[in-house]
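Let's take a friendly look at a protein with a ligand. Keep the sequence and the 3D view open as you read.

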Amino acid sequence: MPAAAAAMTARYGAGAEPKAGPWNETLAVLMSHRSVRGFRTDAPPEGTLETLVAAAQSAATSSNLQTWSVVAVDRPEVRKEIAAIAGNQKHIEVCPIFLVFLADTSRNGRLAQEAGVELAGLPYLESFLVSSIDAALAAQNTVVAAESLGLANVYIGAVRNDVTRVAELLGLPPGAAPVFGLCIGYPLPGREGEVKPRLPQDAILHRETYDAADSGHRAAYDPRMEEFSRRQEMAGSTWSQRVIARLGTFKALHGREKLKEKIIGLGFPLR
Ligand SMILES: Cc1cc2nc3c(=O)[nH]c(=O)nc-3n(C[C@H](O)[C@H](O)[C@H](O)COP(=O)(O)O)c2cc1C
């Protein structure tokens, strides 16, 4: 099977592949993404972190404001506490590179302070959204760059379980907030993971107007995800069941129900 068709089958499942089109090495890297949660401890070659951050800084950034930053965390005691905050995700302690991406308007705030001006446009929800989007785009460039070098990774949204404590641990100034972490390293043998199937493309790609009739797409996807979960030795639940479990209870927020107040406390007024 040609590489493009094989990648489509892995991503959507046999029989659910969209039409194949152009193909290259970049697409091969993008489409073979999988999150990895078991890392070797050996460090990647020197200059890897700097190369990854250069790739991250190459992402588009709203109005070139560059309202994001990243903290590379090495100290074992800090990694340990962040791992505990994140529901005991051990890979945070083990991976050779652990990054925390920040929504960061503090640099522009300092610029204004030095210039003796007030940034009337800063205290709005828009600034938090712009800086979180900037951080996400930069992080995804990091992920793709790492995967192109044979390095595996997993995002850690669970740092948002307690952004106040993570901000304290990282010495963040007002106007900077953790958005997510990212573990990077070589995968342990046998822990490379498998490409996780996604919803049928017709559930996501709408043409001209939005089509909400997606229960058929879900019905096709549910057994595919159930089978995937069984293969990964996880509880064999369908995607629909997982969505309900993740969003259906207050408990599953793990403290993030207080996120708004905590983000305001970190210096984003969210007006
Ligand atoms: C912003 C963000 C936060 C995430 N946080 C976590 C996390 O805290 N722990 C974890 O194990 N996976 C985390 N993930 C990984 C997702 O669970 C994973 O991307 C999803 O299940 C799809 O699997 P795949 O990446 O292997 O395709 C996160 C992903 C994103 C995009």
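## The shell around the ligand

How do the residues of the shell around the ligand divide into nonpolar, polar and charged? They split into four nonpolar, four polar and four charged. Here Ala, Val, Leu, Ile, Met, Phe, Trp, Tyr, Cys and Pro count as nonpolar, Asp, Glu, Lys and Arg as charged, and the others, Gly among them, as polar.

Among the residues surrounding the ligand are His33, Arg34, Tyr155 and Arg198; a residue is near if one of its heavy atoms lies within 4 Å.

## About the model

This model is predicted: local features need pLDDT of at least 70, side-chain atom pairs count only at pLDDT 80 or more, and totals for chains, interfaces and linings use all residues. Residues are numbered from 1 along each chain as its sequence is written, and side-chain values use heavy atoms, leaving out hydrogens and water.

## Polar contacts

Look for pairs of N or O atoms within 3.5 Å. A ligand nitrogen is 3.2 Å from a polar backbone atom of Tyr155.

The protein covers 68% of the 620 Å² of accessible area that the ligand has on its own (Shrake-Rupley method, 1.4 Å probe).

How values were computed: A polar contact is a pair of N or O atoms within 3.5 Å; within protein, one must be able to donate a hydrogen and the other to accept it, and residues adjacent in sequence count only if both atoms are side-chain atoms.
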